[in-house]
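Here is a briefing on one protein model.

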Amino acid sequence: MTFESPWMLLGLVAVGAVLWLHLAPRRGLVIPFPAVGMLRRVALRRVPRLKLRSLLILLSRILAIVALVLAVSRPGLTVRRPGGIRSGMALVQIILLDDSLSMRQMDSDGRTAFDRARKKAVAELDRLRPGDACALVPTGAPARAVRGEALFDLESVRQDLSAARPGYRSGDMAGALRLAAKMLEDSPLPQREVVLVTDLADGMWRDMDLPWPDRTGVGFRVIGAVSGQPPVNASVDRVKVQPLGDGVTREVEVEVVVTNHDDEAMVGKEVMLELDGQEVARGSLDVPADGSAVKRFHHRFSEEGVHRGLVWIDGDALAEDNIRYFTVVVRRALIVLVINGDYRPGSYRDEAFYLMRALETPTPYDIPIKPMVVDVATAGAAPLGGNDVIFLAGVESIPQPLANRIIDFVRSKKGLFIAPGNRGTSVAELASIIPGRVRSVRSARRSARAFSVDAVNRSHPIFSPFGDGLTGLEKTRIHSHLLVDPDPAAERSVVVQLKGGLPLLMERKVDGGIVMLLTTTLDRDWTDLPIRPGYLPLVQRAARYLAGRLGDREPRRVSVGRSIDLEVSVGMRRLVVLDPGDGKTVFAAKELAGRSRMRFMGTTTPGSYRVWAQMPGFGGLKELSDMEFVVETDPAESDLARVATEEGSDVAGPLEGVVGVLPIWPYLLLFAVLFLLFETWLIGHGLRRSHVSR
Amino acid sequence: MIERRERSRGPVDPGVLEAVSTLVIEVRRVVEGLQGGGHASLHQGASVEFAEHKKYCPGDDIRHIDWRALARTDRYFIKAHEREVTLRCLLMLDCSSSMAYQGSRATRSKLDYARVLLGAMAHVLVRQGDAVGLLPFASSPLPHLPPDRKPEYLPALMNRLASLRPAQDGGTGFVEAIHRAADHAGRRAMIVMATDLWDADRDVEVALASLASRGHDVTLFHVLSPDEIDFPFDTTATFEGMEGDGGVQVDPALVREDYRRAVIDMDLRWRRVTGEAQMDLVSATTDKPPEAVLANFASRRHRTTRRL
């Protein structure tokens, strides 16, 4: 039994009050009377009857109070009733129609589970009577109501049912139940029922905590759309593409995970790899019963860029999970050379200790960075041209030949990042390209008076993704930094500024190359910057910025039905998303104005979604490959095993407890009234007889 | 002085006395009296009024032989005289504590009502030259006034009647009072008892029957408050006995019908008992005028006497 308002049960203490009032000795009125002897004899003659009557009155009062209190606490009896809960009162029915991917499974008759489910949902709709209300809630993630509320116009619901189609989404029973609960709560009708029409696929109930906020008085029925044994099904659960070697060869490994959801092993399951619209590899693998197997393909791309592909296996009952799409961006990794002015391998006192760890840390969807650290002497003999960026970490001075090669490196549209060591740096040899002339070192007199960051140029590409949020540099404390005299002739800009207006990070563009100068150390000698949260994005984004590859990103992945945020640049005039079916979603300038992100909800179909944008200064749309993303199906939907074999009659396991609740408070209210009437009759009976005889 | 006290204390309402002054009390049987009066006796005997001659029979008192008739007729005649008798009346008043009950609809307590009744009767009887005595009774013996026919005796009787108060302790002492009445009434007397009969049990019935069987003319004024008959109470209450017999908590609505039936049963029982013992039972409800009760009693006695 469940109670909608269990706190109302506190009213049962009134039973105690009734008992006290009934049984407590009452002195009350005392009347002297001569014929007490006769009165006593009369009373004694009636004692058994009076006692019985008094007991009945007391019992009636107690039962009336108990029934009344129970009624207002709105109890419901938890019942299982295959035919549902129905009485003469008007009913609001919420039909939860499973339109998840698993409902696309096809039986031997060529009909999908969704077709059967829809037919049964229509049959449920036919059972309703005029005055009843109904609503349709497809349960594919995210669950959404077709209409905002339950409709009395059942014909409209019938049309909604006819228009419903199975999707590629995963099941969202929790969300569907929340919606149903909300709609039931908003409905004024006395009887409430939720009917779930589903294929009873096990994956729908997996790891789900039924969020039924208030089941009191709500009937719940599960109707299985399919019967018999679940069909044989295998699925491509995962495709992982990773570069091989140092990334220079454009060779990738495609790792395919195939899962067998059947009780029997699959032998020689054929797997095909297709890239850029052409089959490039085919193989077979054995997949154990209720298990997975991995197939790896190697492929070398002829050129860098964005490549789209898919992996496909033999067809079965659920064809939609036999294909998995992917997009791979073929670019070699970012090569960073770190010239260490105080090279102490393995020690945290090493000048590049923190820098190396920050550069080596992989970040999602970003092209990896491959840093290499050398001392000054080694750098002098090494070729510099194969690198994208050079970091000078704590280099006090460099030989002039090396300096000349670095200057040439920068002038070849590469990047250079300079940071001093604990003895400072003059790098006078690089005076022609650095953003200013290093004059001296400025140190705080006391630790408490350390310098702090004052302003960050948020329009700079390094910091633009942060928008107006925190950059992680706000609490950085700097004990010493270089004093740099500005060079009026140089094209120089300050990116990060200390309090007092002195620069912490500045850049200078030299013939297409970029030189950045950090006026404090990259280790903890002069600052606590390396242990600040802004350190990693600072050095990683600085490296990508200096290499001109800040926009290089791996495509993101998202499940069908889930939203994805697309970055909006300042001044973006149009943003277009092209889905795999060549459907376009266009965000106009008016929608994009003032936004840094735009949420895209139309991930209804698995595949690659390409993004175009119209930027200021460009005539038309330009494809933004770094914003491309892949929409995938949920592997859980591929498991077609059911929680029950009998249609709707046995919902064991995870469904246990999801049963109908029969409201009994109207009956309790009726009982309360009947008890009160009986009590009134008992009292009035004696009075009436007395009045008649007077 | 007596009249003033009656007005001031009210035991004998002058209006009642006026009403009762016309009351003719007829006794059913002639009671021997020490003095002649207006009550003709069916018994012949010593008297100044000659009635008739009758032939002498053996066993007749030879003192009553008419010697002159013997001389004239040579036959023995007995001179028969119509003997005039004086009525001896003993008024018994129940002074138990239950007699203090008044109820909601009566203007006086049962004891006050009984005082009026008995006072009126005493007044009339004394005015007729009958001897009247007073025997109040309760659980403990109370002083009594022996019957006396002297007019100057009436104030004392009234004074005594007016001074009676309900007893504080429980019980009525019915049987003892009846025995005392039998002792003080003499051979034949009119005994009038005013009581509520609440404490009267089987022993009382036997004692009263015994009293009547001795030739006494016994009359019971059954004095009740109307509340004791109707039991008109509405709210549940504890009804506390007035004679130390405890209390009982009842819902009047629940027992009213049975109570009324029990009161009727009690009345029927006493009518049967008094009928069998040739006693009179007069219902005296305290909401009725005492003169009406006495008038009713007198007319009934008159009819009964004529029938005899």
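Contact here means heavy atoms within 4.5 Å. The model is predicted: local features need pLDDT of at least 70, side-chain atom pairs count only at pLDDT 80 or more, and totals for chains, interfaces and linings use all residues. Residues are numbered from 1 along each chain as its sequence is written, chains are lettered from A and ligands numbered from 1 in the order written, and side-chain values use heavy atoms, with hydrogens and water left out.

**Confidence**

- Helices (H or I, at least four residues) and strands (E, at least two) are DSSP runs, numbered from the N terminus.
- Over residues 645-659 of chain A, pLDDT stays under 50, and the model has 28 contacts beyond four places in sequence for them.
- Residues 687-694 of chain A also stay under 50, with 14 such contacts.
- Where pLDDT is low, the predicted coordinates should not be read in detail.

**Largest pocket**

- The largest pocket has a volume of about 1400 Å³.
- Closest to its centre, of 43 lining residues, are Ser464(A), Pro465(A), Arg541(A), Glu567(A) and Ser569(A).
- On a 1 Å grid over the protein atoms alone, a pocket is an open set of points where a 1.4 Å probe fits, with protein on both sides within 12 Å along at least five of seven lines; lining residues have an atom within 4 Å of a point.
- A volume is the space filled by probe spheres set on the points, which are joined across faces, edges and corners.
- The largest share of the lining, five residues, comes from α11(A).
- Domain 4 (334-546) and domain 5 (556-632) of chain A both give lining residues, so the pocket lies between them. These bounds come from an automatic or database domain assignment.

**Helix α8**

- Six of the eight residues of α8(A) (353-360) are buried, so the helix is largely enclosed by the rest of the structure. Buried means under 20% relative accessible area (1.4 Å probe, protein chains only).
- The buried residues of α8(A) pack against β15, β16, β17 and α11 of chain A.

**Ala379(A)**

- Ala379(A) is found in helix α9 (376-381) of chain A.
- At 0% relative accessibility, Ala379(A) counts as buried.
- Beyond four places in sequence, Ala379(A) contacts Ile339(A), Val374(A), Leu384(A), Leu402(A) and Arg405(A).

Notes
pLDDT = per-residue confidence, 0-100. Buried < 20%, exposed > 50% of the residue type's maximum accessible area, 1.4 Å probe, protein only.
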